[in-house]
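Hello,

Here is the structure for your files. My notes on the contact between the chains and on some local features follow below it.

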Amino acid sequence: MNNHSEKAGVLSILFMGLGQLYNKQYFKGFFFALIEIFFIILMLPFTVKSLRGLITLGDTPQKMVNGKIIQGDHSIFLMVFGIISLLVLFIFAVIYVINVKDAFRVGMLRDEGKKPNNIRDSLHVLYDRGFPYLLLTPAAIFTLFLTVLPLIFGIMIAFTNYSSPNHLPPRSLVDWVGFENFINLFKLPSLSRTFFGVALWTVTWAVLATVTTFFVGLFFAVLINSNGIVLKKFWRTIYILPWAVPGFISILIMRNMFNGQFGPINKYLQAIGINPIPWFADPTWAKITCILVNLWFGFPYYMALMSGVITGISKDLYEAASIEGASARQQFWKITLPMVLFATAPLLIMGFAYNFNNFTLIYLLTSGNPTNASYNFAGHTDILLSWLYKLTLEQNQFHMASVVSILIFIVIAIISVINFRNTRSFKEEDMIQ
Amino acid sequence: MSAKGFKGRFVRVFIYILLTLTAITSIYPIIWIIMSSFNPGTALYSTTLIPKKFTLAHYTELFVKKQFGLWYMNTLKIAFFTMLLSVILVVATAYALSQFRFKGRRFGLMTMLVLQAFPGFMTMIAVYLLLLQLNLLDTHLGLILVYSGGAIPGGAWLVKGYFDGIPRSLPEAAKIDGAGNMTIFLKVMMPLSMPILTFIALSNFIAPWMDFILARLVLRSTDKKTLAIGLYEMVTGRMNTEFTMFAAGAVMVAIPITILFMFLQKYIIQGLTEGASKS
């Protein structure tokens with residue numbers, strides 16, 4: 001009598017639905033069997049072909065015969081369909097496992113002498129216990145195809161030579177090149193020079209941008225909070241006002257304000273007798289402009305945050321310190337400052353990651369210019385991300401762009417992992433469990 | 001800081017001067033662009049802070065010489081559908097992950113966290129190429145799908161946190177009364193979550209208005225452009241001969257967004273305090 005579960009399980013392994021039929025759950029059995037039949041008849045040939053295409057990436061290029069174009073293999077289509085096939089195969093495998101487990105479980109019920117559910121009860125259970133799965137399905141599909149698929153696809157491209165001018169389908173084929181692109185990035189002079197130069201500026205920029213906004217924000221938070229300053233809320237609100245304007249508009253406005261020849265800033269400088277500054281034309285000034293504009297944007301964030309922390313510090317601490325004879329200055333350095341830094345220092349890491357990838361600011365403000373002749377498609381103020389964007393949209397060097405994006409990701413991933421250890425949500429989640 | 005005595009007063013005056021100067025720096029660009037939009041002429045060079053002659057011509061030029069109205073409708077359409085789609089996806093996901101305990105839940109949570117960490121750019125090229133192959137490039141639908149899909153990880157995490165904060169007694173009481181899953185979802189939990197839902201809806205409505213990167217990546221033809229792309233091209237295209245029009249456009253885009261943003265801020269605070277007081 002203990003055999004039902006095993007027999008059912010084995011039957012379901014052989015063919016989906018068999019185990020359910022054996023358990024006399026006919027509807028379920030037919031349903032599972034149908035899925036497998038559907039897969040074998042409709043999907044299998046496609047899957048096999050796509051997987052093969054994924055491995056070879058096409059053998060026949062486009063040909064011109066008697067003035068007419070004969071379509072060859074489209075390498076990228078093959079790759080995309082290959083990945084889709086893998087995903088579909090994966091989904092099918094999951095359903096297969098569900099089918100086996102279900103047959104086994106119901107078989108066990110029979111071994112224990114209980115009667116398996118009929119279709120109505122099954123549906124009821126499905127609706128009841130399967131509700132969360134139902135809710136998750138749309139989002140899962142979206143995520144699978146719009147996030148996971150592009151991700152896998154993007155990573156794979158780094159290992160091909162998909163680029164202009166010689167490897168653009170449908171005219172030409174794309175091939176797998178292994179780690180060649182990565183090696184080239186570091187070995188090929190023009191590429192490595194660009195990569196290291198841009199990477200260096202990206203790190204410098206991220207550090208400077210984060211540090212300046214952090215400390216200027218701190219400065220203003222302390223300033224506004226000091227004794228005897230009235231209209232605290234007014235000052236805080238006014239500094240936050242720029243945020244209400246959409247970011248890209250503000251940056252474009254700044255782009256015009258700092259315009260070397262016609263912008264108002266240079267006009268005013270000239271009015272006071274200072275020579276106009278080449279805000280965008282000179283490489284060093286361009287970098288300074290980026291930092292300045294980012295400061296304008298960024299310091300209110302830290303200021304607001306730190307103001308919140310400062311006002312939250314219990315007054316009792318200050319009173320106790322006063323009683324002990326501490327001066328105002330000592331109170332600041334020993335109470336205020338440490339508490340604020342303790343609360344906001346974790347944000348420095350997040351800020352670094354944010355600025356590391358602050359594509360919007362750089363691209364909209366300077367477009368990466370001024371151009372650098374010794375760089376491969378990058379300018380003096382380009383950060384890794386904006387260089388990547390140019391490689392993709394303007395130069396069609398998809399393979400290198402992909403390589404760079406993987407490298408950027410590795411950096412960000414490391415930072416994120418460090419950060420996750422401190423994420424409150426995650427910790428609370430564990431506590432609730 | 002000591003507020004007594006002459007030294008104290010001197011320091012305070014100094015602080016006030018510093019604060020005022022910074023306030024001017026913060027506001028100046030905004031005032032400048034508003035004034036520029038009223039300036040006659042088209043070039044950056046000829047604009048002065050106080051216009052020599054007030055003119056509203058540029059506001060009309062936007063609609064006549066450029067396709068501002070079209071951009072506006074495009075962006076509105078994209079924003080609206082993105083809002084709908086993302087709310088549905090986010091809420092369903094968050095609800096499932098918060099209220100139920102099921103196999104694969106931990107996996108789902110981990111996936112969301114990891115995906116949240118993946119910066120958008122990683123998928124940027126791939127999404128571009130993918131849409132290219134699927135012929136969804138240069139379509140609004142493609143953009144809407146991408147925006148909505150991208151909204152899931154971050155939004156779901158936030159909403160899940162909110163759902164976690166609603167006391168279990170409420171849905172459990174409903175269940176005892178015999179309510180089915182859907183009923184609990186629609187009649188009990190949804191009304192309680194209005195603040196966070198509004199927040200998600202509003203932020204996903206605002207986002208497409210402000211997005212430039214993805215829009216520029218996906219959309220090509222002139223009749224599909226959004227406001228962000230249109231404004232960008234006005235400033236970077238020619239040599240600043242369309243500056244004043246840009247200014248007018250900037251003002252027209254910034255005002256509604258600013259208002260929405262202010263409104264959103266109130267909701268965040270309201271939602272957060274309500275969520276806290278509930279538990």
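**Chain contact and local features**

Between chain B and chain A there are zero salt bridges, a salt bridge being a side-chain nitrogen of Lys or Arg within 4 Å of a carboxyl oxygen of Asp or Glu. This is a predicted model, in which local features need pLDDT of at least 70 and side-chain atom pairs count only at pLDDT 80 or more, while totals for chains, interfaces and linings use all residues. Residues are numbered from 1 along each chain as its sequence is written, chains are lettered from A in the order in which they are written, and side-chain values use heavy atoms, without hydrogens and water.

The two chains bury about 8,000 Å² between them, 77% of it on carbon and sulfur atoms; buried area is the accessible area (1.4 Å probe) lost on putting two parts together, summed over both. On the side of chain B that touches chain A, helix α1 (residues 5-37) of chain B gives the most, with 16 residues. Helices here are DSSP runs (H or I, at least four residues), numbered from the N terminus. In the contact (heavy atoms within 4.5 Å), 86 residues come from chain B and 89 residues from chain A.

Over all chains the structure holds four salt bridges. One of them joins A:Lys28 and A:Asp102, with the closest N and O atoms 2.8 Å apart. A:Lys28 lies in helix α3 (residues 26-56) of chain A and A:Asp102 in helix α4 (residues 75-111) of chain A, so the pair ties together parts that are 74 residues apart in sequence.

Regards

Definitions and conventions
Helix = DSSP H or I, 4+ residues; strand = E, 2+ residues; numbered from the N terminus.
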